[in-house]
Amino acid sequence: MTKQVDVAILGGGTGGYIAAIAAAQFGYSVVVIERDRLGGTCLHRGCIPSKSLLRSAEIVAQAKTSESFGIHIEGVKVDFKAVQARKQAVVDQLHRGVQYLMKKHNIEVIHGNGRVMGPSIFSPKSGSVAVELADDEVITVVPKHLIIATGSRPRLLPGLEPDGDRIATSDEALEWTSLPESVAIIGGGVIGIEWASLLHDFGVEVDLIEAGPRILPLEDADISKEMTRLLTKKGIRIHTSAAVESEAVLKDEKGVHLIIGKEGEPVTLTADRVLVSIGRIGNVEQLGLENTNVRIDRGTIQVNESLQTHEPHIYAIGDCIGGLQLAHAASAEGIAAVKHMRGESGVHVSDKMIPKCIYSKPEAASIGYTEEEARKEGYDVTVSKIPFSAIGKALVEGDTDGFVKVVIDQHTEDVLGVHIIGPHATELIGEASLAKLLNASPWELGQVIHAHPTLSEIMSEVMLAVDGKSLVM
Ligand SMILES: Cc1cc2nc3c(=O)[nH]c(=O)nc-3n(C[C@H](O)[C@H](O)[C@H](O)COP(=O)(O)OP(=O)(O)OC[C@H]3O[C@@H](n4cnc5c(N)ncnc54)[C@H](O)[C@@H]3O)c2cc1C
């Protein structure tokens, strides 16, 4: 069977389904091709299930510290099966929501594995997609425009593949039916930090191993330092500049033994389970891209700033093009690609406008340049910082650790970067995103009247502090 459509989208994850809705809203006929479940990594193996577990872990942590609020809670017990069931209920509800949205916008979803085809008599341009259905039937979708949104998967340490028992990536860990007593997490990026935090709050002993000199290497150095301090204070053991080779991981009935090189000396750690979180790689293989002029470089599909591949009618978005592998980046790119195909110009998604959030306890969030990046780019910068301990609401919340730091261009007064670590950082960053979009100056942001007492007061205070005018410091 052959289907002609305006837009075909290969991959129904966050990037793909949002692009589909945007295209349908512009009046295009749209087909989404998905080999698994609509919603992709974010909904089934990423953002949503992990945040659901983090929320349960946060409640355990709160219950354990409730005495400082004058509340005595005894016998806090984690029913991990119930925690997992709640997580699944959240995922299932949102999954139904995505299915409903596809119907509402008359988007046809074809469930099958898609492969991009070269030019043929039916389709003179490359970019038709042969979709293999579960019953081996093949449907050929011939679109005017194709968006590739095939996502990514966990990067594995060669020789240390998930074994369904003691070695897991985040994919397997999300399906654990019981908690280990101890875990060694390899990789101190965002996923590693979130898992370290949530497992620790559930009562698991955590060793976090990072090959580089600091955890969260992509974040501002001050955030990374404060995160290290606060996680260590919680009781998480952090090992930096500590590489793990898969040959140095041995399993026996007692657990997993890892020999890590730490400051030149081998150190042995033993844990019940190992979680490998060393990054993600794009799903770019076996897509039939060799039938096209689409280029792949270091595991990612190459696109221009309008998200077009080397075949102008084929776009690629989301994790499969690398960059910031985040759900909201994928959806912003999906919308930008659709706008470009209908002739809108100048719709670009800049990494510097995308907020990055870490949902550990403490939370962290940032947007724009780190101080190091800004200086490296040649900006003369002014930096200001306000600690949460100066904010009344943080005291009320019992959560005064952390700070907000801003990086300002001395000459233009542009806000180059905002970096937050502390309570509700992932919500507070929204104001910084708006500030960046509106290109507001620190003076303007300092004039915003925030309700008192709120944590958001810290946002105007940090901007006033740029000129030494903070009212709380
Ligand atoms: C543990 C974890 C936590 C995360 N937390 C966050 C977070 O809090 N916030 C955030 O912004 N991001 C988070 N992310 C990242 C986020 O999940 C991804 O950036 C986002 O899902 C990328 O969307 P996408 O559309 O590019 O790809 P995906 O969501 O991966 O979707 C790709 C889809 O394409 C399908 N597909 C692939 N190949 C084919 C084919 N040949 N035929 C048919 N279908 C195909 C796949 O089945 C999949 O459904 C997290 C990721 C992980 C792993």
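**The nonpolar core**

Tutor: In this predicted model, the largest nonpolar core has 49 residues. The residues with the most contacts inside this core are I9, I107, V141, L146, I147, I148 and I301. Elements that give two or more residues to the core are the helices α1 (14-25), α4 (80-104) and α8 (327-341) and the strands β1 (2-10), β2 (30-34), β5 (129-132), β6 (138-148) and β20 (314-316). The largest share, 7 residues, comes from α1. In soluble globular proteins, nonpolar side chains tend to be buried together.

Leaving aside residues up to four places away in sequence, I147 touches V7, A8, I9, L10, A19, Y315, I317, A337, V338 and M341.

By class, the shell has 20 polar, 11 nonpolar and 8 charged residues. Of the 39 residues around the ligand, E34, T41, K51, D319 and A327 come nearest. A polar side-chain atom of E34 lies 2.6 Å from a ligand oxygen atom. For A327, a backbone N or O atom is 2.8 Å from an oxygen atom of the ligand, and for L326 a polar backbone atom is 3.2 Å from a ligand oxygen atom. The protein covers 96% of the 990 Å² of accessible area that the ligand has on its own.

Conventions: Residues numbered from 1 in each chain as written. Predicted model: local features only at pLDDT ≥ 70, side-chain atom pairs only at ≥ 80, totals over all residues. Heavy atoms only, no water. Core = buried A, V, L, I, M, F, W, Y, C linked by side-chain atoms within 4.5 Å. Buried < 20%, exposed > 50% of the residue type's maximum accessible area, 1.4 Å probe, protein only. Helix = DSSP H or I, 4+ residues; strand = E, 2+ residues; numbered from the N terminus. Contact = heavy atoms within 4.5 Å. Near = heavy atom within 4 Å. Polar contact = N/O pair within 3.5 Å; in protein donor to acceptor, adjacent residues only side chain to side chain. Areas by Shrake-Rupley, 256 points an atom, 1.4 Å probe, with all protein chains shown as cover. Nonpolar A, V, L, I, M, F, W, Y, C, P; charged D, E, K, R; others polar.
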